[in-house]
Amino acid sequence: MVYGYIRVSTDHQTTENQRFEIKKFCEKQGLTIDCWIEETISSTKDLNKRKLGRLIKRIQKDDLIIASELSRLGRNLLQIMSILHHCMDIGAKIWTIKDNYRLGADITSKVLAFAFGLSAEIERNLISQRTKEALARVKSEGGRIGRPRGSRNVSKLKGRENYIKEKLAGGKTKFEIAQKLRVHRDTLSKFITVNGIPFEENVCQSSGTD
């Protein structure tokens with residue numbers, strides 16, 4: 001299958017110029033477009049939300065995608081290289097007209113794919129290192145790392161305010177109520193505080209007999 005891919009960023013731009021370029025190119029190369037993929041969307045959108053993303057998932061070995069230029073495919077080099085890497089893995093090709101790329105199983109494509117893999121690995125390492133440094137700084141400054149204790153599953157208690165008020169008024173402890181609602185006691189305490197539910201801590205003392 002030969003796919004013609006056309007993308008414009010806004011409704012004010014026309015797809016006709018790109019279509020003309022691709023048709024003219026195919027005539028010279030003796031190719032016929034089997035399927036046109038057109039979309040009006042910014043390249044900054046997630047690839048999975050674009051028609052191109054769906055196309056990349058279904059292309060097969062020896063399929064060819066033709067675009068007017070490489071910038072039509074992605075917002076940056078890493079995204080473009082990711083698309084290329086996927087196509088190379090399954091044996092598909094990407095050709096562009098203005099910048100004259102013939103990306104497939106040739107040595108140039110393999111070098112670019114290697115560069116992508118190396119760049120992606122370096123970027124992951126940099127992100128990991130920056131994250132570790134930021135966490136270490138927060139910890140050294142006395143900040144709390146991670147989710148505040150008792151904050152998990154607070155949403156489970158939404159709508160149970162009256163139930164909690166009644167149980168508290170009836171002398172039930174936080175622990176007992178939390179068990180009944182299947183949440184942690186700290187979660188219940190946070191919910192009570194945030195929602196201003198009146199509560200007086202009962203201190204039970206056992207009395208002995210002489």
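Me: Is Ser 9 buried, exposed or partly exposed?
Reply: Partly exposed, because its relative accessibility is 34%. Buried means under 20% relative accessible area, exposed over 50%, partly exposed in between (1.4 Å probe, protein chains only). This is a predicted model, numbered from 1 along each chain; local features need pLDDT of at least 70, and side-chain atom pairs 80 or more, while totals for chains, interfaces and linings use all residues. Side-chain values use heavy atoms, without hydrogens or water.

Me: What does UniProt list for Ser 9?
Reply: "Active site", from an unreviewed entry. Positions follow the numbering used here, feature names are shortened, and annotations may be inferred rather than shown by experiment.

Me: Which residues does Ser 9 touch, leaving out those up to four places away in sequence?
Reply: Thr 40, Ile 41 and Ser 42. Contact means heavy atoms within 4.5 Å.

Me: Switching topic. How many salt bridges in the whole structure?
Reply: Five. Each puts a side-chain nitrogen of Lys or Arg within 4 Å of a carboxyl oxygen of Asp or Glu.

Me: Which residue does Arg 50 pair with?
Reply: Glu 39, with the closest N and O atoms 3.7 Å apart. Both Arg 50 and Glu 39 are buried.

Me: And what pairs with Glu 69?
Reply: Arg 72 at 4.0 Å, N to O. Lys 98 also bridges to Glu 69, at 3.8 Å. Salt bridges with shared partners join Glu 21, Glu 69, Arg 72 and Lys 98 into one network.

Me: Where do those sit, buried or exposed?
Reply: Arg 72 is buried at 16%. Glu 69 is partly exposed at 22%. Lys 98 has 53% relative accessibility, so it counts as exposed.
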